[in-house]
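Work through the exercises below with the model open beside you. Try each task before reading its solution.

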Amino acid sequence: MTPPFILEIAFVILILAIAVGTLVARAAFTAVLLFMIYGLLIAIAWIRLSAVDVALTEAAIGGGLTGMLLLGAVARLRESEGSGEEPGLPTLLAAGTFCVLVSAALGTLVLSRPEVAPSLAPAVMDNLAQSALGNPVAAVLFVFRAFDTLLEKVVLLLALIGVWSLAPDRVWGGVPGLRLYAEPSSILVFLAQLLPPIGIMIGIYMFWTGASYPGGAFQGGTVLAAMWLLVMIARLQPVPAISLRCVRLLLVVGPVIFVAIGLLGFVFAGAFLAYPPDYAKPLIVIAEATLTLSIGVTLGLLVAGPPDRMQQP
Amino acid sequence: MANFLFGAAGFVLAMVALGLFCVLRGPSDTDRMLSAQLIGSGGVAVLLLVATVTENASIVDVALMLALLAVFAAVAFLRDASSAQIKPPNVADRA
Amino acid sequence: MTLTLNIFTIVAVSAGSFFFMAGTIGLLRFPDTMTRLHALTKVDNLGLGLIVFGLLPQAEGLLGALKLLCVWIFVQLSGAIVSQLVAQLARRDGEQR
Amino acid sequence: MNSIALFAYCGAAMVGLGLFGLITKPQVLRKILAFNVLGTGVFLLFGVIARRGAAAGLHSDPVPQALVITGIVVAFSATTMAVVLLLRLYAETGEATIDSDDPPSTGTDGGR
């Protein structure tokens with residue numbers, strides 16, 4: 001038992017305690033706050049697992065965007081979440097037993113490891129030079145499993161269509177019902193003017209550094225989305241109506257360019273999403289840059305929610 | 001040196017754990033939010049310490065990300081808290 | 001030289017950790033939101049600041065050190081503004097009570 | 001027992017906790033939170049597998065890491081969808097809970 005390991009045990013217990021707190025906290029607000037702290041600690045856990053790319057994603061999503069989304073929901077449900085009907089003791093016991101069994105089964109399954117742990121790391125490293133990228137995770141996302149990444153962006157767009165379709169018919173195409181500051185104070189306006197330039201720089205840095213070091217389009221896009229939402233909340237920019245052509249264009253430009261590059265692969269490299277060897281890096285950077293923009297707009301609109309009025313307030 | 005920095009990270013984490021009590025206790029939502037901000041700063045400090053120990057500069061990026069989005073979450077909270085009081089609960093404008 | 005720098009790191013990081021402790025205790029013990037806010041800002045400024053200063057000699061090159069400083073300056077700026085906003089809210093709450 | 005095994009147990013426990021919350025909590029918002037706890041547990045198990053696949057000079061197998069990044073994005077999409085559904089449910093019925101198995105209904109579901 002080395003001191004770092006004892007620290008890790010304490011850390012894991014802390015994470016689990018917060019997870020329990022999230023589920024049992026009486027007030028919805030406390031539960032959401034605990035969940036945001038939970039996201040922060042999970043990001044640190046990913047660092048301990050040597051997965052910095054994942055830690056970045058979790059820090060951006062778990063603490064920031066999900067937090068804002070859930071806080072907005074709590075504010076709308078305030079005082080009226082209700083306690084509902086807690087299930088009876090037999091149900092609780094049955095559910096508890098079932099969940100303990102699932103946990104135990106998962107734990108033993110993951111730990112009963114084969115002699116040689118399966119790993120694709122050598123395969124990735126052997127082909128990394130061909131991908132023209134220095135970050136192996138980015139190489140997996142944009143070269144070796146590019147189709148997954150493409151579909152992931154499609155999922156984001158589908159989720160957005162799903163969110164929009166929950167709007168009442170009469171406000172279809174209207175303005176998303178993002179909660180804004182009722183009366184932005186001058187300090188808030190200052191913050192909303194100061195932060196976005198820094199944030200946009202960090203977002204671009206995330207996407208740019210992603211080729212060689214941890215980072216990437218998704219992490220960059222999340223920061224852009226957060227900055228856009230901040231500007232809208234402070235009423236510095238109006239929330240755009242979802243029927244605007246430029247909004248629609250920004251939403252699809254990334255995926256469309258990615259698909260176009262993929263189709264070009266048929267002509268120049270012989271397969272869908274294959275890059276011609278000499279142009280791999282510029283093509284990937286173009287795809288990532290437009291995807292960063294599209295992801296930013298998509299995430300921002302996802303958090304903004306379904307339209308709830310036709311006109312600007 | 002590595003052990004010392006690691007110990008410092010552990011100490012800050014312990015303080016974060018104590019801060020959790022404030023989240024649970026409150027009493028007002030603003031107090032809870034303050035504790036969450038404290039825990040956010042603690043997380044940034046832990047990441048910076050770990051980045052130095054492991055000599056992995058990318059971890060500083062994670063700390064930066066965390067700091068940026070902590071501000072964002074704080075603004076989201078302040079929005080809800082301030083509009084909850086200025087505007088009386090009014091659900092008529094929803095379908 | 002390394003020894004001096006290491007001692008500097010140890011002293012500064014310890015002092016920073018101390019302010020984290022002070023901030024947490026303040027948050028636990030202080031009676032109202034305003035004083036708790038005061039405790040929190042000490043953590044943002046001095047706690048994180050001293051830890052960053054302590055880590056500067058250990059950073060990888062000038063760029064790494066600059067990045068550390070950037071994180072601190074960023075937390076400073078945003079922390080100061082958010083504290084103002086929280087204080088506004090707390091004061092209005094106090095007036096309404 | 002080493003730190004990789006520790007995180008494996010942590011992930012497994014999180015899956016169990018999340019599942020329990022998902023089944024037993026009547027409030028929809030808590031179900032969404034529980035679902036996310038379950039999800040992070042699964043992701044952490046992937047992280048453990050990735051960490052164990054450290055080879056070729058990498059500390060962690062990049063393929064499971066990439067899968068987890070994709071997974072986090074998809075989980076976020078699902079969460080937004082669920083939150084919006086919850087708000088719509090609330091706007092329509094004034095309720096934000098799903099009652100467990102046939103409760104003694106006290107006429108609270110009027111207007112549905």
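**Exercise 1: a helix in chain A**

Helix α9 (residues 217–233) of chain A has 17 residues and reaches 24 Å from its first C-alpha to its last, close to the 24 Å expected at 1.5 Å a residue. The expected span is 1.5 Å times one less than the number of residues. Helices are DSSP runs (H or I, at least four residues; strands are E, at least two), numbered from the N terminus. This is a predicted model: local features need pLDDT of at least 70, side-chain atom pairs count only at pLDDT 80 or more, and totals for chains, interfaces and linings use all residues. Residues are numbered from 1 along each chain as its sequence is written, while chains are lettered from A and ligands numbered from 1 in the order in which they are written.

Task: find how many residues of α9(A) are buried.

**Exercise 2: two helices in chain D**

Task: state at what angle α2 (residues 28–52) and α3 (residues 62–93) of chain D pack.

Solution. The angle is about 175°, and the axes lie 10 Å apart. Next, look for contacts, meaning C-beta atoms placed from the backbone within 7 Å. Those making the contact include Phe43(D) and Phe46(D) of α2(D), and Ile72(D) and Leu86(D) of α3(D). Sort the contact residues: 16 are nonpolar, six polar and none charged. Here Ala, Val, Leu, Ile, Met, Phe, Trp, Tyr, Cys and Pro count as nonpolar, Asp, Glu, Lys and Arg as charged, and the others, Gly among them, as polar.

**Exercise 3: chain A against chain D**

Task: say how many residues each chain gives to the contact.

Solution. Chain A gives 79 residues and chain D gives 74. On chain A, helices supplying at least two residues each include α1 (3–24) and α11 (280–304). By class, the chain A side has 52 nonpolar, 15 polar and 12 charged residues.

**Exercise 4: chain B**

Task: describe the elements of chain B.

Solution. Chain B has three helices and zero strands. From the N terminus, the order is α-α-α. Of its 95 residues, 63% are buried.

Key
Buried ≥ 20, exposed ≤ 12 C-beta atoms within 10 Å, placed from the backbone. Contact = placed C-beta atoms within 7 Å. Axes fitted to C-alpha atoms, helices over the stretch in contact; angles between N-to-C directions.
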